[in-house]
Amino acid sequence: MKVSIDATRCRGHALCLGRAPEAFEFLDLEDRSVVRDGAEALVSEDDFLAAARECPERAIVVDLDGADGGTDP
Amino acid sequence: MTATERVAEPRHEISFDHHSAEFRDSCPEVVRRLHASGCPLGFSSEHDGFWAIYGYDAMYDAVQDGELFSSAHSAAVPKGVPRAPYDDPLIPIDVDGPMVQEYRRVVLRWFSPGGANAAEPRIRALATELVDTFIERGEADISQELLTPLPARLILELLGWEADRWSEWIQWIHAAVHDRTEHPDEAGEAVVNIYGSITAEIEKRRGHLGDDVFGDILRARFDGEPFTEAQVVGFAFLLLLGGMDTTAGLTGNVVLELDRRPELRQQLIDDPSSLPAATEEFLRHDSPAFGLYRTVTRDTVFHGQQLRAGDRAILMFPAAGRDPSHFEQPDAVDLSRSGNRHMAFGLGAHRCLGSHHARVMFRVMLGEILARLPDFRVVGEAVRFPDAGDVYAVRNLPIAFTPGPR
């Protein structure tokens with residue numbers, strides 16, 4: 001699984017942090033969320049998918065076939 | 001999905017006026033009727049003609065395309081239906097392009113999630129203090145005594161202005177929003193007062209800027225240049241508009257809903273941890289902020305409809321939250337709803353800057369009501385602002401409850 005947030009779509013609603021706070025980090029001064037380093041190893045697929053479903057901008061991309069790992073997109 | 005196609009369908013005419021008494025008195029029914037009309041947007045001949053966008057997918061496409069749907073406002077190309085009661089653009093809501101983010105950045109440290117979390121203790125203290133003033137009476141106008149003063153005082157405190165003057169500011173802001181269509185002279189007079197008072201605040205700060213939102217606006221530089229006085233006024237005016245009217249409106253709508261739905265109220269009392277999720281569902285169901293406008297910049301076909309350059313459009317974000325093609329049982333409040341991609345704060349570049357504060361204020365005010373006035377009931381008449389076209393909200397909401405200790 002590989003999860004990323006499209007920085008051009010994220011508009012800082014911060015709803016992903018409400019759904020999976022351990023998976024995301026909010027950059028206050030950039031007005032957007034990012035995936036925490038290594039979060040794919042700690043957070044379940046279901047939680048990521050749930051967070052993606054809450055994002056009104058549809059900015060969270062969950063690639064279930066992607067390689068494991070936690071690089072910040 | 002293709003938002004724009006080459007060939008237009010016949011124009012979808014709707015009989016609709018968001019400033020009408022019908023919209024105020026039967027808003028959910030009017031929105032239901034629009035969704036049932038078979039097109040996600042429609043053209044109304046009221047107010048010299050405008051598009052109303054209410055369908056969920058059309059709304060998503062409209063906000064993502066800021067080049068087609070311009071947010072710019074000026075005396076030459078005024079925005080709004082009818083036009084806004086001021087000439088200079090409010091910053092950043094009346095601006096297009098990359099400067100939107102540059103302008104937002106000036107105050108982001110205050111309005112970020114971190115900023116809202118930092119404000120929560122103050123919001124709690126204000127809620128407690130305000131409820132203390134009436135809890136021994138067993139009755140209150142909850143709108144006038146809690147829901148309106150709390151956000152108003154908070155935005156004044158954030159700006160670094162005198163919070164004790166909240167009621168004067170509120171009168172002007174309410175007139176500018178709710179009287180602008182029926183009583184444009186009164187709205188115009190309120191705007192003059194708002195401009196004059198913001199200008200006086202600028203004068204007060206010459207030479208000693210505070211560690212507050214207003215100080216950051218006055219300190220901001222773009223290519224070395226500060227904002228002009230008109231830009232400072234426009235920025236502060238927007239913060240007052242956003243800060244003073246909408247969160248009060250949301251919370252009033254929800255108090256009314258909970259008065260009609262005792263089982264829902266009990267659910268929240270029994271499980272206060274459901275408040276964050278409930279906040280999103282209430283935002284979807286009861287958001288008051290209908291009056292967001294755009295101007296079409298070129299001729300094109302959008303969701304089957306022929307738009308023309310210069311056409312005006314209202315983006316009815318709360319209506320998108322009630323779109324049955326996107327939300328199952330959209331008129332029901334379902335605290336366990338998942339995938340709740342509501343649009344109460346708008347979407348895209350202009351997403352409500354105060355949304356994080358709004359969530360905290362709503363959650364704290366509702367929590368305070370449920371904890372300290374759990375058996376409240378609406379007594380007498382809930383009086384809505386006569387014009388609900390921009391903000392669908394109650395002005396007066398008299399409640400009674402078992403008196404409690406301060």
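A: Happy to. We'll start with one facing pair: A:L27 stands opposite A:R32 in β3(A). Keep in mind that this is a predicted model.

Q: Which strands pair around there, and in what sense?

A: In chain A, strand β2 (residues 24–27) and strand β3 (residues 32–35) pair in the antiparallel sense, over four bridges. Together β2(A) and β3(A) form a hairpin, with four residues between them. Have a look at A:D31 in that turn, whose phi is positive at about 65°.

Q: What is the overall secondary structure of chain B?

A: Chain B comes to 16 helices and 12 strands.

Q: How does the radius of gyration of chain B fit a compact globule?

A: A compact globule of 406 residues would have a value near 22 Å, and chain B has 21 Å, so the two agree. Along the principal axes, the C-alpha trace of chain B spans about 65 × 55 × 40 Å. For contacts in chain B with a separation of 6 or more, 70% are between residues 24 or more positions apart.

Q: What should I look for in the interior?

A: Here's the general idea: in soluble globular proteins, nonpolar side chains tend to be buried together. In chain B, buried residues make up 50% of the 406 residues. The largest nonpolar core has 126 residues, and those touching the most other members include B:A52, B:I217 and B:L315. Helix α12 (residues 229–260) of chain B gives the most to this core, with 13 residues. Apart from it lies another core, of 16 residues, among them A:F48 and A:I60.

Q: Which residues is B:L315 in contact with, leaving aside its neighbours within four places in sequence?

A: Its contacts are B:I53, B:M59, B:A62, B:V63, B:L292 and B:R294.

Q: How do I read a single helix?

A: Remember that an α-helix has 3.6 residues a turn, so residues three or four places apart point the same way. Now take α16(B): its 18 residues reach 26 Å from first C-alpha to last, close to the 26 Å expected at 1.5 Å a residue. α16(B) is mostly covered, as 13 of its 18 residues are buried.

Q: What about B:Q266: where is it, and how exposed?

A: B:Q266 sits in helix α13 (residues 262–270) of chain B. B:Q266 counts as partly exposed because 13 other C-beta atoms lie within 10 Å, and the cut-off for exposed is 12 or fewer. Its C-alpha atom is separated by 29 Å from that of B:L154, 112 residues apart along the chain.

Q: Last one: how do I read the place where the chains touch?

A: In general, the size of an interface is often given as the accessible area lost when the parts come together. Here we can look at contacts: 18 residues of chain B are in contact with 15 residues of chain A. On the chain B side, α5 (108–111), α6 (113–132) and α16 (355–372) each give two or more residues. By class, that side has five nonpolar, nine polar and four charged residues.

Terms used: Residues are numbered from 1 along each chain as its sequence is written. Chains are lettered from A and ligands numbered from 1 in the order in which they are written. This is a predicted model: local features need pLDDT of at least 70, side-chain atom pairs count only at pLDDT 80 or more; totals for chains, interfaces and linings use all residues. Two residues are in contact if their C-beta atoms, placed from the backbone, lie within 7 Å. Ala, Val, Leu, Ile, Met, Phe, Trp, Tyr, Cys and Pro count as nonpolar, Asp, Glu, Lys and Arg as charged, and the others, Gly among them, as polar. The radius of gyration is taken over C-alpha atoms; the globule rule is 2.2 Å times the number of residues to the power 0.38. A residue is buried if 20 or more other C-beta atoms lie within 10 Å of its own, exposed if 12 or fewer, and partly exposed in between; C-beta atoms are placed from the backbone. A nonpolar core is a set of buried Ala, Val, Leu, Ile, Met, Phe, Trp, Tyr and Cys residues joined through C-beta atoms within 7 Å. The expected span of a helix is 1.5 Å times one less than its number of residues. Two strands pair if DSSP finds at least two bridges between them.
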